[in-house]
Amino acid sequence: MKIDKNLVIYFKDIIGEGDCPTYNNINFYDSNEKRLRFKINELDNKYYKNNKFYKCFDYETLEILKPIEWEELSKMSLNDMNKIIDKNEWDWLGEDFEDMEGYLNFIMIHNPTLAFSTKISPKDEYMDIFLHDFSDRFKTDAEKQAFISGLNESCN
């Protein structure tokens, strides 16, 4: 059985320039329940004590790996998830922008007609994210990949 990807994918509030929660990965995830649900699924229980939700579902196939835990996580509100994070003192560290791009890659895997390009501010303060929808634009994956490569090169 697979998860409903709409329970872990949301990006409308992070698109464009300006006032978006894209200045660090903690705010990026904890500003939206779907992104936070995704993040909790990937917080390794070796470093994040008491994370029974680690790998509830498979990142690539969306297969449910822990049905009971997934059922609980899928019904949690943003407030419920933040309480668990605060209680366990979870704080994910690392490269903020790489972490956020990992989430964008996840979205692109499961929404193959979408692509994102990013641009990091001159002082590394935030990352602008741009959405490209090419539902009817390309006939082959090679054309799509060439387009995405061009986007990435033009933003760097």
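The model is predicted, so local features are taken only at pLDDT of at least 70 and side-chain atom pairs only at pLDDT 80 or more, whereas totals for chains, interfaces and linings use all residues. Residues are numbered from 1 along each chain as its sequence is written, and side-chain values use heavy atoms, with hydrogens and water left out. Helices (H or I, at least four residues) and strands (E, at least two) are DSSP runs numbered from the N terminus.

**Confidence**

- The chain has a mean pLDDT of 87, and 93% of its residues reach 70 or more, pLDDT being the predictor's confidence in each residue, from 0 to 100.
- Among the elements of the chain, H3 has the highest mean pLDDT (98), while helix H6 (residues 141–155) has the lowest (70).
- Where pLDDT is low, the predicted coordinates should not be read in detail.

**Salt bridges**

- The structure holds six salt bridges, each defined as a side-chain nitrogen of Lys or Arg within 4 Å of a carboxyl oxygen of Asp or Glu.
- One of them joins the side chains of Asp 13 and Arg 35, with an N to O distance of 2.8 Å. Because Asp 13 lies in the segment before helix H1 (25–30) and Arg 35 in helix H2 (residues 33–42), this pair ties together parts that are 22 residues apart in sequence.
- Arg 35 is buried, at a relative accessible area of 0%, whereas Asp 13 is partly exposed at 25%; here buried means under 20% relative accessible area, exposed over 50%, and partly exposed in between (1.4 Å probe, protein chains only).
- Within helix H2, Arg 37 and Glu 33 stand four residues apart, about one turn of the helix, and their side chains meet in a salt bridge at 3.4 Å, N to O. Arg 37 is buried, with a relative accessible area of 1%, while Glu 33 is partly exposed at 33%.
- A further pair in helix H3 (residues 67–75), Lys 75 and Glu 71, is also four residues apart, about one turn of the helix, and the closest N and O atoms of this salt bridge are 2.4 Å apart. Lys 75 counts as exposed at 62% relative accessibility, and Glu 71 is partly exposed, with a relative accessible area of 39%.
- An α-helix has 3.6 residues a turn, so residues three or four places apart point the same way.
- Lys 39, Glu 42 and Asp 99 are linked in a network of salt bridges.

**Helix H4**

- Helix H4 (residues 78–88) has as its buried residues Met 81, Asn 82, Ile 84, Ile 85 and Asn 88. Seen down the axis of H4, these fall within an arc of 155 degrees, so they line one face of the helix, the arc being that of the directions from the helix axis to the C-beta atoms.
- The cover over the buried residues of H4 includes H1, H2 and H3, and the face turned away from the buried side carries the exposed residues Lys 83, Asp 86 and Lys 87.
- Just after H4, Glu 89 takes a positive phi of about 55 degrees.

**Surroundings of Lys 55**

- Lys 55 sits in the loop between H2 and H3 and counts as partly exposed, at 45% relative accessibility.
- Leaving aside neighbours within four places in sequence, Lys 55 is in contact with Asn 41, Leu 65 and Lys 66, contact meaning heavy atoms within 4.5 Å.
- Between Lys 55 and Glu 69, which are 14 residues apart in sequence, the C-alpha to C-alpha separation is 9.5 Å.
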